[in-house]
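Let's take a friendly walk through this model, one neighbourhood at a time. Have the viewer open and follow along.

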Amino acid sequence: MPAAMTEEEVAERRSKVLHAARWCFLNFGFAKTSFEDVAKRANISRTLLYRIFKDKEDLYTAVFTHWLLSRHPEAKQAAAGPGSPYERLINVCRLLVLEPWSDMVAAPMGAEFHDVCERLDPDIEARHRKVALQCVTAILGDAERAEVFLLSFDGLLADQPTAAVLERRLRILAERFVPPTKEKGRRP
């Protein structure tokens, strides 16, 4: 009989499954991803996958939750951490939006990914938005300005730009809210 897994090993296996599932959902789409696809990519049995997740919707929600909500502690640290308000704002947006966006926009089924999750569990997006608002408010010092910034940033995603274009747009927008500090001979 195999030895029981430690909590760390269980967490590591779960993370491996979630990464494999995210890849499958981003590349095959929700409808065409099967538990068999995820199990093969994670190098586990389909039976074990069913022991961890009750169905594909449960797995999909777990992937989206892990992918977005796991970024929250680091984003909160970035909001309160060292650096100018401009640098902190860019770092928070990079963690909460740019990095996930770059994964989604580069994948064949990336455009579908977010829409399906919002349909399956709209609370995840609301929780993510709440943390983003808290972080940006901590930087800008005003919840109303933070909300306007986030609404403006949402608008930058409308035409589904590449990650590089989105980052350039973010920098322009951030400059309107908190001008970057300029060091001698350096431009941000």
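Which residues does His128 touch, not counting residues up to four places away in sequence? They are Leu68, Leu69, His72 and Leu96, where contact means heavy atoms within 4.5 Å. Before going further, a word on the ground rules: this is a predicted model, in which local features need pLDDT of at least 70 and side-chain atom pairs count only at pLDDT 80 or more, while totals for chains, interfaces and linings use all residues. Residues are numbered from 1 along each chain as its sequence is written, and side-chain values use heavy atoms, with hydrogens and water left out.

Back to His128, which sits in helix H8 (residues 122-140); helices are DSSP runs of H or I with at least four residues, strands are runs of E with at least two, and both are numbered from the N terminus. His128 counts as buried because its relative accessibility is 7%. On this scale, buried means under 20% relative accessible area, exposed means over 50%, and partly exposed is in between, using a 1.4 Å probe and protein chains only.

Now zoom out to the whole chain. Its secondary structure comes to ten helices and zero strands. The C-alpha trace spans about 65 × 35 × 35 Å along its principal axes. Of the 188 residues in the chain, 39% are buried. Among contacts between residues at least 6 apart in sequence, 66% join residues at least 24 apart.

Next, the empty space. Rolling a probe the size of a water molecule over the atoms shows where such space is left. The largest pocket holds about 590 Å³. Here the search runs on a 1 Å grid over the protein atoms alone, and a pocket is an open set of points where a 1.4 Å probe fits, with protein on both sides within 12 Å along at least five of seven lines; lining residues have an atom within 4 Å of a point. Grid points are joined across faces, edges and corners, and the volume is the space filled by probe spheres set on them.

The largest pocket is lined by 27 residues, and Val97, Trp101, Met104, His114 and Leu157 lie nearest its centre. H6 gives the most to this lining, with eight residues. The lining divides into 19 nonpolar, four polar and four charged residues, where Ala, Val, Leu, Ile, Met, Phe, Trp, Tyr, Cys and Pro count as nonpolar, Asp, Glu, Lys and Arg as charged, and the others, Gly among them, as polar. His114 is placed in helix H7. Leaving out residues up to four places away in sequence, His114 touches Phe64, Met104 and Glu125.

Rings of Phe, Tyr and Trp (its six-membered ring) pair if their centres lie within 6.5 Å; planes under 30 degrees apart count as stacked, over 60 as edge-to-face and the rest as tilted. By this rule the count comes to ten aromatic pairs. Trp23 and Phe28 are an edge-to-face pair, because their ring centres are 5.5 Å apart and their planes stand at 90°. Trp23 is partly exposed at 35% relative accessible area, and Phe28 is partly exposed at 32%.

Phe30 and Tyr60 form another edge-to-face pair, with 5.0 Å centre to centre and 85° between the planes. Phe30 lies in the loop between helix H1 (7-28) and helix H2 (35-42) and Tyr60 in helix H4, so this pair ties together parts that are 30 residues apart in sequence. Phe30 is buried at 11%, and Tyr60 is buried at 0%. Both belong to one aromatic cluster made of Phe25, Phe30, Tyr60, Phe64, Trp67 and Phe113.

Finally, visit a loop. Asn43 has a positive phi of about 60° although it is not a glycine. Asn43 lies between H2 and helix H3 (46-52), and its 63% relative accessibility makes it exposed.
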